[in-house]
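Me: I am new to this structure and would like to get to know it step by step. Could you walk me through it?

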Amino acid sequence: MAIVERDIRTSEDAPRVNYLNNGYGLKSWLLTKDHKRIAVLYIISISIFFALGGLFASLVRFELMTPEGDLMSSDTYNKVFSMHGIIMVFFFLVPSIPATIGNFLVPIMVGAKDLAFPRVNLLSWYVYVVAGILGTIAVVGGGVDTGWTFYTPYSSTYSNSNVILTAMAAFLAGFSSILTGLNFVVTIHTMRAPGMTWFRLPLFVWSHYATSLIMLLGTPVIAITLVLLMLERGFGFGFFDPNLGGDPVLFQHLFWFYSHPAVYIMILPSMGVMSEMVACVARKRVFGYEFVAFSSVAIAILGFLVWGHHMFVSSQSTYAGMVFSVITFLVAVPSAIKTFNWTATLYKGSIVFDTPMFYVYGYLGLFLVGGLTGLFLSSMGLDIHLHDTYFVVAHFHYIMVGGQVMGYLGGMHFWWPKITGKMYPDIWGRVSALLVFLGFNLTFFPQFILGYMGMPRRYHVYPDEFQVLNVASSLGASILALGYLIPGAYLTWSIFKGPKAPDNPWGAKGLEWETTSPPPTFNFDETPLVTEEAYQYGPIEEH
Amino acid sequence: MADHAAHRDHPHGLAHQFEDMPQQKESAVIGMWSFLITEILFFGGFFATYLIYRSYYPYAFFEGSSHLDILLGGINTAVLIVSSLTMAMAVHESHSGNKKRIMVYLILTGILGLTFLVIKYFEYSSKVEHGLVPGLVWHPHGEYSPQLALFFSLYFGMTGMHALHMVVGIGLLTWVFVKTAQGTYTAEYNAPIEIFGLYWHFVDIVWIFLFPLLYLLGTQGGH
C-alpha cells in the first residue's frame with residue numbers, strides 16, 4: 001500500500017489517495033475496517049440520535065412553557081422525557097466523543113496504522129446500529145415511560161410501555177461501547193509507535209484510556225442489571241419484587257454502580273479534547289502534564305466508589321451515605337486539578353482567537369459551574385432538599401451538555417479539517433459557539449433556581465410562580481437549538497464547497513497534524529518515530 | 001482476532017495493522033484478558049445479587065440447595081475440569097503447531113463441553129418435573145415459597161447464563177477446529193487457539209464458583 005501511495009504523490013495533478021477517496025461504493029463503507037471510516041459512520045449515526053433526542057427535549061421545553069399540562073397528558077410527558085434521557089445517554093453521550101473523534105484519533109495519536117482489532121471496531125458499530133434500530137422500534141411502538149434510570153418495581157412490574165425492548169437496546173448499546181473501550185485499551189498498550197512512551201502520549205489518549213477502563217469495568221454491570229430486569233419482567237422472576245422477597249433498592253445499587261462511572265464516560269473524553277485544544281490555542285505545553293494525565297485515571301477509579309450518592313434518600317444507611325459523600329467530595333480534587341491546569345496553561349499563553357478557543361472558554365465556564373454544583377449535591381443534608389429537583393437536572397446538564405457536548409462540538413471544529421480535509425467559515429464557528437454558550441446558560445441556569453425553590457423533576461404541571469423561570473429556560477433552549485443547527489449547516493456545506501484544508505491549519509503539535517488532511521488509509525506513509533514530548537510549542541520550556 | 005489480508009513480505013497470519021507477530025500476539029492476549037475482566041464484572045452482578053439474598057434468606061436458600069442434585073452437579077464439575085485439561089493440552093500442542101494433536105484435544109474438549117450441556121439439560125428437566133421453575137411451573141407452597149422462588153430464579157439465571165457461555169464456547173471451538181483442520185495455525189501463528197483457551201478456562205472457573213455456592217452450601221445444615 002505504501003508503495004502505491006508514493007507513486008501517486010510524484011504525479012502532481014492526480015489527487016493523493018486518502019481514506020476518503022480510497023473506494024467510493026456503499027460496500028467500501030459498510031464493510032470497512034478502517035477506524036477513520038468507522039468514525040465517520042459513527043458521526044452520522046450519533047448525529048441522527050442527537051437530533052431525535054433534541055426533538056424530545058424541545059417537546060419537554062414546549063410543554064413546560066405553561067404551568068398547566070396543556071400540550072400532552074402526564075403519560076405522554078413521562079414517555080417524552082424518558083426517551084429524551086435514554087436516547088441522549090445511551091445513543092449519543094456515551095459514544096459521542098470516544099466512538100467518533102476518539103476512534104479517528106487514538107490510533108493516529110499513538111502512531112499506529114489502525115486500532116488493534118479493526119473487525120471488532122466495525123462490529124461495535126453494527127451492534128450500535130442494531131441497538132439504535134431496537135430503540136427506534138421501541139419509540140415508534142409506543143415509547144417507554146420509566147425514565148432513563150429504569151427504576152424497579154415500576155419498570156419491572158407496573159409500567160405498560162416497551163421496557164424490555166428499550167432495555168435490550170440499552171444493553172446492546174453498552175456492549176458496543178465495551179468493544180470500543182477494549183480496542184482502545186489494547187491499542188494504547190501495544191500499538192504505540194517507536195519512541196511514543198506513556199508520558200509522551202497526548203492527554204487526549206490518557207483521557208480515552210481512563211474512559212475505556214470505565215467502559216470495561218462498569219458497562220458489564222449495567223448489562224447484568226438489565227438482564228435481571230428483563231428476566232423479571234419477562235418471566236416473573238422476583239429479583240427486585242418485594243412481593244417475592246426481592247429488593248428494589250438492590251436494583252438502584254447495581255444500576256448506579258455502572259451509571260455513576262458512566263457519568264465520567266460522559267465527561268472524561270471531553271477533558272481530553274480540552275487538553276489538546278488548550279495547548280494549541282495558548283501555544284504552550286499543558287501545565288503539569290503528569291497531573292492532568294493521572295487525574296483522568298483518578299477520576300476513573302474514584303468514579304467507582306461514589307454510586308451511593310444517588311441514593312441518599314433511599315433505604316441506604318446514613319453511615320454508608322456519609323462515606324459516599326466524603327468520597328464524592330474527593331472527585332472534585334482531580335477535576336479541579338484539570339481546571340486549574342488548563343487555566344494555568346492559558347496564563348501568559350499566546351492565545352489565538354479561533355473557533356476552538358471559543359469552545360475552550362465556554363467549556364471552562366460551564367464545567368466550573370457544573371462541577372461546583374456537584375459539591376452541593378454531594379453534601380448529604382443539602383441533597384435531601386435538592387434530591388429529584390430541577391437543581392439536579394441543571395447540574396448534570398452542565399456536566400453532560402456543557403461539558404461533553406461542548407467538548408464534542410469543539411473537537412469536531414478543531415479536527416474537522418483533519419477528518420474531512422475541508423475548512424469551514426471560522427466566523428460562523430465563533431457565532432455558533434457563542435450562541436451555544438448563551439443559549440445553554442439561559443436554558444439551565446434558571447433550573448438551578450427552580451430546583452432550589454423546590455420544583456421537582458419529571459412533572460409537567462407546576463405552580464404559577466415557576467412560570468417566568470420556565471419560560472426563560474424554554475427561550476434559552478431555542479437559542480441553544482439554533483446554536484446546534486448552524487454548525488450542522490455550515491459543516492455540511494464545507495464538505496462540498498469548503499476550501500481545501502492544509503495539513504496543519506492551527507499550527508498544532510501532535511502526530512495527527514504531521515500526516516495529510518485527510519490522512520491516508522494507513523495513517524502514515526512510514527511508521528513515525530517519536531523523539532519529543534507532547535505539546536512542544538515554540539521554544540522548549542522548562543518544566 | 002487476526003485479519004488474513006495477504007500482504008507481501010508479511011509473515012503468515014500477520015494482520016496489516018501490526019508490525020510483527022509478537023505485537024499481534026500480545027494484543028490478542030491483552031484483548032482477551034480485558035474481555036474476561038468485563039465477563040467477571042458481568043457475572044459479578046449475579047454473584048453479588050445471590051450473596052445478598054442468601055444473607056437475607058439463609059433458610060430458604062438452604063432449602064433451595066437441598067433440591068439440587070449434587071451428584072449430577074459434581075459429575076459436571078469433574079467434566080469441566082477435565083475439559084480444561086484437554087484445552088490446556090490443545091494450547092500446549094499449538095506451540096509446536098502439531099495439527100493432528102491439536103485437533104484431537106479440541107475434539108475431546110468439545111465432547112466434554114457437550115456432555116456438560118446434556119447433563120445440565122437433564123437437571124433442568126427434573127426441575128420442570130418437580131415444579132421448581134419460578135414464573136413457569138411453581139409447586140412449593142411452604143413458608144419460604146417466595147424466597148425459594150428467588151433462589152431458583154437465581155439458579156436458572158446464573159446457570160443459564162453460564163450454559164449460554166458454554167454454547168458460545170462450543171461455537172467458537174468449532175470455528176477454531178475448522179481453522180486448525182485447514183492448516184491455518186502454525187508454530188508461529190496460534191494466538192486464536194491460545195485466546196480461545198483463555199475463554200474456555202474462564203467459563204470453567206465460573207462454574208467452579210457456581211457449584212459450591214448453589215449446590216454445596218445447603219448441605220451443611222439449616223434443617
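This is a predicted model: local features need pLDDT of at least 70, side-chain atom pairs count only at pLDDT 80 or more; totals for chains, interfaces and linings use all residues.

Me: How many helices and strands make up the secondary structure of chain A?
Reply: Happy to start there. The C-alpha atoms of chain A fill a box of roughly 75 × 50 × 45 Å along the principal axes. The secondary structure within chain A comes to 17 helices and zero strands.

Me: What radius of gyration does chain A have, and what does the globule rule give for 543 residues?
Reply: The globule rule gives 24 Å for 543 residues, and the value for chain A is close to that, so chain A is as compact as a globular protein of that length. The radius of gyration of chain A is 23 Å.

Me: What percentage of the residues of chain A count as buried?
Reply: A residue is called buried when 20 or more other C-beta atoms lie within 10 Å of its own. Chain A has 543 residues, and the buried part of them is 55%.

Me: Which residues are in contact with A:V278, leaving aside its neighbours within four places in sequence?
Reply: With the sequence neighbours within four places left out, its contacts are A:V286, A:W342, A:T345, A:L346 and A:V360.

Me: Is A:P417 buried or exposed?
Reply: A:P417 is found in helix α15 of chain A, residues 390-420. Residues up to four places away aside, A:P417 touches A:K422, A:M423, A:A501, A:P505 and A:S517. The cut-off for being buried is 20 C-beta neighbours. Because A:P417 has 24 of them inside 10 Å, A:P417 counts as buried.

Me: How far apart in space are A:P417 and A:N441?
Reply: Along the sequence, A:P417 and A:N441 are 24 residues apart. From C-alpha to C-alpha, the distance between A:P417 and A:N441 is 29 Å.

Me: Which pattern does chain B follow along the sequence?
Reply: Let's turn to the other chain. Chain B has six helices and two strands, and its C-alpha trace spans about 75 × 30 × 30 Å along the principal axes. Of its 223 residues, 40% count as buried. Read along the sequence, the pattern of chain B is α-α-α-α-β-β-α-α.

Me: How far apart are the end C-alpha atoms of helix α3 of chain B?
Reply: Helix α3 of chain B has 25 residues, 70-94, and at 1.5 Å a residue it should span 36 Å. The model agrees with this, because the end C-alpha atoms of the helix are 36 Å apart.

Me: Which helix supplies the largest share of the side of chain A that touches chain B?
Reply: The contact takes 33 residues from chain A and 29 residues from chain B. On the side of chain A, α5 (118-140), α7 (163-190), α8 (203-235) and α9 (248-265) each supply at least two residues. That side divides into 22 nonpolar, eight polar and three charged residues. Its largest share, 10 residues, comes from α8(A).

Technical notes: Residues are numbered from 1 along each chain as its sequence is written. Chains are lettered from A and ligands numbered from 1 in the order in which they are written. Helices (H or I, at least four residues) and strands (E, at least two) are DSSP runs, numbered from the N terminus. A residue is buried if 20 or more other C-beta atoms lie within 10 Å of its own, exposed if 12 or fewer, and partly exposed in between; C-beta atoms are placed from the backbone. Two residues are in contact if their C-beta atoms, placed from the backbone, lie within 7 Å. Ala, Val, Leu, Ile, Met, Phe, Trp, Tyr, Cys and Pro count as nonpolar, Asp, Glu, Lys and Arg as charged, and the others, Gly among them, as polar. The radius of gyration is taken over C-alpha atoms; the globule rule is 2.2 Å times the number of residues to the power 0.38. The expected span of a helix is 1.5 Å times one less than its number of residues.
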